Each structure stands twice: as C-alpha cells, then as structure tokens.
Amino acid sequence: MTVLDVSGLRKAFGGLTAVDEVSFGVEAGQLFAIIGPNGAGKTTCFNMVGGQLRPDRGSVRLAGRDITGEAPRRIWRLGVGRTFQVAATFGSMTVAENVQMAFLSHHGRLRALLPSARRLYREQALAVLERVGMAGQAERQCGLLAYGDIKRVELAIALAHQPKLLLMDEPTAGMAPRERIELMALTAGIVRESGISVLFTEHDMDVVFAHADRLLVLDRGRQVATGTPAEVRDDAEVQRIYLGGAGAEAAARQIEARAGEQLPGERAEGEAR
Ligand SMILES: Nc1ncnc2c1ncn2[C@@H]1O[C@H](COP(=O)(O)OP(=O)(O)OP(=O)(O)O)[C@@H](O)[C@H]1O
Ligand SMILES: [Mg+2]
C-alpha cells in the first residue's frame with residue numbers, strides 16, 4: 001500500500017525555486033531517504049509533507065487522501081509523526097512521564113487528565129520505551145539524559161502517536177558516528193516490525209546506504225534520481241553531482257554488506273520476528 005504519494009511538488013522562495021517538480025511514493029513499511037547537498041530542498045520537502053509549508057504546485061496524498069496544504073496539526077492527527085532536529089522533551093519530567101504525556105495527547109485527553117498524568121498510560125509508555133532501548137532509564141529526568149538517549153525518547157514520543165508515516169529530518173544530527181548507526185538501526189528495526197513508514201534525511205551516506213529501502217536524490221531543488229540504493233549509486237548523474245569518488249566507494253561497501261540481509265516481506269512463514 002502506498003502511504004505517501006507526492007506528485008509534482010514545487011515551492012519557490014522569491015526568485016529561488018527550492019523544490020521543483022518532485023514526485024515520489026513511500027510504501028507501507030518502507031524506510032525512504034531524501035538525500036542531497038546543503039540547500040538541495042530536503043527540509044522544504046518535509047515541510048510540505050508535514051503541512052508547515054504550503055506547496056505552490058503539486059499534491060501530497062496520505063493513504064490515498066489529499067492532504068495538500070492542510071494545517072500541520074490536522075496532518076499530524078491523520079497520522080504523520082515528526083521528530084525534530086532540536087529535541088522536544090520536557091527536561092523536568094521523567095522519561096516515562098514524557099511518553100505518558102504523548103499517549104494522553106494522542107488520545108485527546110491531555111488537558112482533562114493532566115493532574116493524574118503520572119499514573120496514566122504507564123504500561124504503554126514502558127512498552128514503547130522497551131522498544132527504543134530506554135526502559136532502564138524510565139525514571140530518570142529527561143534533562144539529565146545523554147544526547148543520544150534524548151533522541152531515543154523523542155522516537156518513543158513519536159511512536160506513542162502511532163503514526164502511519166514518521167518524518168525524521170536529520171535525526172542523527174549532532175550524534176557521534178556509532179550513535180548514528182545505532183539510532184538508524186533501531187529505527188529500521190521498528191519499521192520492519194510495526195509496518196510504519198519512515199521518510200528521513202541524513203548527511204552520513206554510510207547510514208543512508210545501510211538502512212534506506214529507497215532514496216530520492218535532490219540537487220538545487222531538482223529531482224536527480226529515485227530508486228533503490230544500488231540503482232541510485234549506479235546513476236551517473238548522482239555520482240557526478242553528489243557522491244564523488246570516496247562517497248561512491250562507501251556506498252558500494254554498504255550495499256555489499258547488506259546483500260546478505262533479508263528484505264521485508266521475505267521472512268519465512270512462522271519465523272519469529
Ligand atoms: N523560508 C525560507 N525562505 C527563503 N528561502 C528559503 C526558506 N527555506 C529554505 N530556503 C532556501 O531554499 C533552499 C532549500 O533549502 P532547504 O532547507 O530545503 O535545504 P536542505 O536540503 O534541507 O539543506 P540542509 O542540508 O542544509 O538542511 C535553500 O537555498 C534555502 O536557502
Ligand atoms: Mg535541511
């Protein structure tokens with residue numbers, strides 16, 4: 001099933017065309033990357049999908065429904081979650097409480113039940129924290145967490161809203177290389193087991209080629225290529241514009257390392273998840 005269908009999207013700022021005729025589709029359970037140099041138009045694409053920006057032209061459909069130009073809050077309600085580059089947790093509350101608040105908010109009960117928030121949705125919050133590897137720190141104050149752990153809590157908060165599609169604009173920005181790999185491996189695992197779709201951007205090509213099922217390459221607003229990591233790697237224009245010699249080699253290594261892994265949907269019947 002196509003979760004996100006973007007067609008002919010365009011956005012200009014004054015005389016600058018930031019995104020020009022961009023079209024792509026994201027299937028259920030897919031990890032889809034938008035890559036490209038600084039200023040390529042990646043964040044602008046995210047903002048048009050999430051409703052923060054209204055496209056000049058083109059359409060955005062979520063599970064078949066036209067959401068073009070809808071308000072961010074409405075798009076969020078329809079199942080598009082988002083993590084932000086600047087982590088958005090409440091530092092004075094515990095990890096578990098932050099996620100419990102997300103559940104309250106998801107169920108539209110935040111205002112009515114805030115006084116008893118500490119007791120509600122606790123089991124659900126702990127289950128989500130388990131999935132992101134943060135159950136052991138559930139009672140710590142968010143303000144005391146290491147940066148990489150805050151990013152995991154953010155992911156838990158986004159998951160509490162049970163999105164169909166999760167938008168992650170540079171989720172690993174500011175993280176050490178090892179943490180980057182771990183966070184994206186974790187996200188990929190969650191995508192595989194839950195069937196949600198993730199649209200993300202990332203500058204580290206090792207991370208992109210290790211985890212993305214498909215990718216779209218932008219350059220100065222223009223859609224240069226779309227395809228599997230192997231297809232994109234082999235595209236001559238992508239190599240010229242974007243990857244360069246060293247980048248292409250890193251991509252090739254990642255694709256080879258991945259070749260032995262199972263793809264989603266290829267899991268044998270009855271096999272444990
Ligand atoms: N609100 C705005 N007003 C004017 N110009 C903008 C605005 N937002 C983005 N731009 C311009 O549009 C182009 C695309 O920007 P965008 O932020 O989408 O790029 P990006 O691919 O996300 O880059 P980066 O990798 O640096 O995050 C850039 O030239 C940027 O300066
Ligand atoms: Mg950006």
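These legends describe close-up views of a predicted model.

**Conventions.** Residues are numbered from 1 along each chain as its sequence is written, and chains are lettered from A and ligands numbered from 1 in the order in which they are written. Because this is a predicted model, local features need pLDDT of at least 70 and side-chain atom pairs count only at pLDDT 80 or more, while totals for chains, interfaces and linings use all residues.

Figure 1. Helices (H or I, at least four residues) and strands (E, at least two) are DSSP runs, numbered from the N terminus. Of the 273 residues in the protein, 41% are buried. A residue is buried if 20 or more other C-beta atoms lie within 10 Å of its own, exposed if 12 or fewer, and partly exposed in between, with C-beta atoms placed from the backbone. Among contacts with a separation of 6 or more, 65% are between residues 24 or more positions apart. Two residues are in contact if their C-beta atoms, placed from the backbone, lie within 7 Å.

**Figure 2. A shell of residues surrounds ligand 1.** The shell includes F13, L16 and A18. G36 belongs to it too, as do N38, G39, A40, G41, K42, T43 and T44. A residue counts as near the ligand if its C-beta atom, placed from the backbone, lies within 6 Å of it. Strand 2 (16-27) and helix 1 (42-50) are the elements that give two or more residues to this shell. Which element gives the most? Helix 1 does, with 3 residues. By class, the shell has 4 nonpolar, 6 polar and 1 charged residues. Here Ala, Val, Leu, Ile, Met, Phe, Trp, Tyr, Cys and Pro count as nonpolar, Asp, Glu, Lys and Arg as charged, and the others, Gly among them, as polar.

**Figure 3. Strand 7 (165-169) is mostly covered.** Strand 6 (residues 80-83) runs parallel to strand 7, joined by 4 bridges. Two strands pair if DSSP finds at least two bridges between them. V80 has L165 as its bridge partner, and R82 has L167. Strand 6 is covered on both faces as well, with V80 and R82 buried on one side and G81 and T83 buried on the other.

**Figure 4. Strand 8 (residues 197-201) is largely enclosed by the rest of the structure.** Why does strand 8 count as largely enclosed? It does so because 5 of its 5 residues are buried. S197, L199 and T201 point one way, while V198 and F200 point the other way. Strand 3 (residues 31-35) runs parallel to strand 8, with 4 bridges between them. Here L31 stands opposite V198. Strand 7 also runs parallel to strand 8, with 5 bridges. L167 stands opposite L199, and L166 has V198 as its bridge partner. From strand 7 the chain crosses through helix 7 to strand 8, in a right-handed β-α-β crossover. Right-handed means that, with the strands pointing away from the viewer, the path from the first strand over the helix to the second runs clockwise.

**Figure 5. L183 lies in helix 7 (177-194).** Is L183 buried or exposed? L183 counts as buried because it has 22 C-beta neighbours inside 10 Å. Beyond residues up to four places away in sequence, L183 touches G148, K151, P171, T172 and M175. L183 and K151 are 32 residues apart in sequence, but 8.1 Å apart in space, C-alpha to C-alpha.

**Figure 6. Helix 5 (residues 122-131) has buried residues A125, V128 and L129.** They sit on the same side of helix 5, because they cover an arc of only 100° around the axis. The arc is that of the directions from the helix axis to the C-beta atoms. Helix 3 (95-106) and helix 6 (147-160) are among the elements that cover these residues. G133 follows helix 5 and has a positive phi, near 75°.

**Figure 7. E21 has a positive phi of about 55° although it is not a glycine.** Most residues other than glycine have a negative phi. E21 is found in strand 2. With 14 C-beta neighbours inside 10 Å, E21 counts as partly exposed. E170 also has a positive phi, of about 50°, and is not a glycine. E170 lies in the loop between strand 7 and helix 7. E170 is partly exposed, with 18 other C-beta atoms within 10 Å.
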